[in-house]
Amino acid sequence: MDDPVYKRPPAKAQNPIRYELPSLEQVKINQEKELLDLAQVRYGIRGTEVTLSFQPLGISADMNENAIFRRLMAIPEHERADQVLYALATGQTHAAIANRVLASLSLIARMRAE
């Protein structure tokens with residue numbers, strides 16, 4: 001007769017492969033590098049030459065986010081992200097600031113759309 005006590009099935013001998021996840025700081029650094037690469041390719045600093053359809057604002061590396069936003073609010077909305085990317089590509093701003101400004105511009109656009 002069968003034993004009335006439940007017995008757990010034997011565990012598999014194989015351990016699943018576990019990939020170590022990158023830290024938040026590593027993800028942030030990789031994102032900033034990719035953003036810089038994208039901006040440099042887009043504006044012809046690396047790769048083929050392109051023509052600009054806007055006048056650069058003159059964003060400088062010593063400007064904070066607030067100063068950049070004040071300049072960006074004076075231009076048409078469709079040029080704002082391009083201005084930030086161009087400043088990043090030419091080394092006029094840091095990737096961390098550009099990333100935060102672009103995220104804020106995206107958030108503002110979504111809020112206006114609703």
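The model is predicted, and the chain in it contains four helices and zero strands. Read from the N terminus, the elements follow the order α-α-α-α. With a radius of gyration of 24 Å, well over the 13 Å that the globule rule gives for 114 residues, the chain is more spread out than a compact globule.

**Overall form and surface**

- Taken along the principal axes, the box filled by the C-alpha atoms of the chain is roughly 90 × 35 × 25 Å.
- Among the 114 residues of the chain, 27% count as buried, and the accessible surface comes to about 9100 Å², with 54% of that surface belonging to carbon and sulfur atoms.
- When contacts with a separation of 6 or more are considered, 67% of them are accounted for by residues 24 or more positions apart.

**The nonpolar core**

- In soluble globular proteins, nonpolar side chains tend to be buried together.
- The largest nonpolar core of this chain has 23 residues, and the members that touch the most other members are I68, L72, V84 and V101.
- Two or more residues are given to this core by each of α1 (24-42), α2, α3 and α4.
- Helix α2, which spans residues 65-72, has A67, I68, F69 and L72 as its buried residues, and the cover over these buried residues includes α3 and α4.
- V84, one of the core members named above, is in contact with L72, T93, A98, V101, L102 and L105 once its neighbours within four places in sequence are left aside.

**T93, a buried loop residue**

- T93 lies in the loop between α3 (80-89) and α4 (95-113).
- The relative accessibility of T93 is 8%, and because this falls under the 20% cut-off, T93 counts as buried.
- Not counting residues up to four places away in sequence, T93 touches I59, A61, I68, V84, A87, L88 and A98.
- Two of these partners, I68 and V84, are also among the core residues that touch the most other members, and I68 is one of the buried residues of α2.

How values were computed:
Residues numbered from 1 in each chain as written. Predicted model: local features only at pLDDT ≥ 70, side-chain atom pairs only at ≥ 80, totals over all residues. Heavy atoms only, no water. Buried < 20%, exposed > 50% of the residue type's maximum accessible area, 1.4 Å probe, protein only. Contact = heavy atoms within 4.5 Å. Rg over C-alpha atoms; globule rule 2.2 N^0.38 Å. Areas by Shrake-Rupley, 256 points an atom, 1.4 Å probe, with all protein chains shown as cover. Core = buried A, V, L, I, M, F, W, Y, C linked by side-chain atoms within 4.5 Å.
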